[in-house]
Amino acid sequence: MLPDLKIKNKNFLRKREEIFNNLSKLDLPNERYTDLRNLPFEKYLKIRDNTFIKDNLSDEEGVIFFPDFFDNETACEILLKTFNSNKNRILAANLLFPTGGFFLEIKNREKVLDLNLLSPSDFTYSLQTYIFKLSNSFLELNINQENEGDFFSHSLFIFIVEDGSKLKLYNFNAPNVSFLFSSFYIYLSKDTESEIYSAYFKNPYSKIDKRVFIEGTGARALIRDIFVADKNLFLSLRNDLIFKESYTSGEEYTRGVLFDESTVCFYGLARVEEKLKKINAFVEGEALLLSERGSFLPVPSLEILSNDLRCTHSVNSGPLSEEKLFYMISRGLERKEAIRMYIESYLLSNLDGSKEEFKNRIRKYLDSYEL
């Protein structure tokens, strides 16, 4: 057994050992994760006792911060449910080695919150876990990640949306770290909604997974992503819509621009479980190729196990339209300015429904971008 080094929750130690013993049985997305198993227990304790998370949620009512996270039954129950249902080694890492995070429960109110993800001071791994539970509430969450450093970053977000609640998430990513991983798990019950708007720039290696479990009648999910990939950037985007109840809808739209030798993989899935009806699902992936060496690898998927529904997908990629550029240049624009305007319009048109502040931030970033 692992030694008991004055950890309050003895069950946590036993659960940690149990998960360690089962790691080799789980699906392994990438071999570089295996060294997480070799993290010494003493170093884990140091990480756990020296959390570095800093944001403006610190004095929010109902927030439970690490390292006392595992003393809260509700938060631990939600984490374990997500881990057990997905069997993912990265989730295990977050469960075992959190370097920051919190559990926030919001009941009968409207909240607008900003979450700024910062760089760790002296850790190789940054594994942060955030759990939000909404009940008869509205939450607008603005996530900002522009940190820099030579470290492995993985942020796990879990949203439990209940009792007619609505989640609106804005995710701006322009960091520069060694490896960036973000996982979003959203559970929608009856008559709930989630809208996710994301922008991905700059980071050399990123893997982003979003999984929405539509579990209640009348639930609705929307995912809208944009990206700009240049140099030898690698970006993997996976969006899964899992339909578990009838009379629900879900749509996902991904659109971006590729320069140089960049590579973007897009995996879009809509899965409809058995014996469901009146499902409306749509998956779309598009890319603008501004380099012959860039690679856009779209994999849209529909797994339909029911009848009486509407599920479709669309994929498109290609170069700039010279006809449209000619029209813009004929109106007095320089070619470089015309291309910039074309790209901005192409990307922002995929963010219909997002707030103007989010669009303006993207415009500002694109204005500073060297074409």
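Is Lys275 buried or exposed? Lys275 has a relative accessibility of 79% and counts as exposed, since the cut-off for that class is over 50%. The model is predicted.

## Loop residues with positive phi

Lys275 sits in the loop that joins strand S14 (263–272) to strand S15 (279–289). Its phi is near 65°, a positive value in a residue other than glycine.

Asp163 is also not a glycine, and has a positive phi of about 55°. Asp163 belongs to the loop between strand S6 (148–162) and strand S7 (166–173). With 48% relative accessibility, Asp163 is classed as partly exposed.

Strand S13 (residues 248–258) contains Val257. Val257 is buried because its relative accessibility is 0%.

Beyond neighbours within four places in sequence, Val257 contacts Phe227, Val228, Ala229, Leu288, Leu290, Ile343, Tyr346 and Leu347. Ser291 is 34 residues from Val257 along the chain, and the two C-alpha atoms are 9.6 Å apart.

## Helix H3

Helix H3 covers residues 73–86, 14 residues in total. The distance from its first C-alpha to its last is 20 Å, close to the 20 Å expected at 1.5 Å a residue.

The buried residues in H3 include Ala75, Cys76, Ile78, Leu79, Leu80, Thr82, Phe83 and Asn86. An α-helix has 3.6 residues a turn, so residues three or four places apart point the same way.

## Cysteines

Cys265 has a relative accessible area of 7% and is therefore buried. Cys311 also counts as buried, at 16% relative accessibility. With a disulfide taken as a pair of cysteine sulfur atoms within 2.5 Å, the count of disulfides is zero.

Conventions: Residues are numbered from 1 along each chain as its sequence is written. This is a predicted model: local features need pLDDT of at least 70, side-chain atom pairs count only at pLDDT 80 or more; totals for chains, interfaces and linings use all residues. Side-chain values use heavy atoms; hydrogens and water are left out. Helices (H or I, at least four residues) and strands (E, at least two) are DSSP runs, numbered from the N terminus. The expected span of a helix is 1.5 Å times one less than its number of residues. Buried means under 20% relative accessible area, exposed over 50%, partly exposed in between (1.4 Å probe, protein chains only). Contact means heavy atoms within 4.5 Å.
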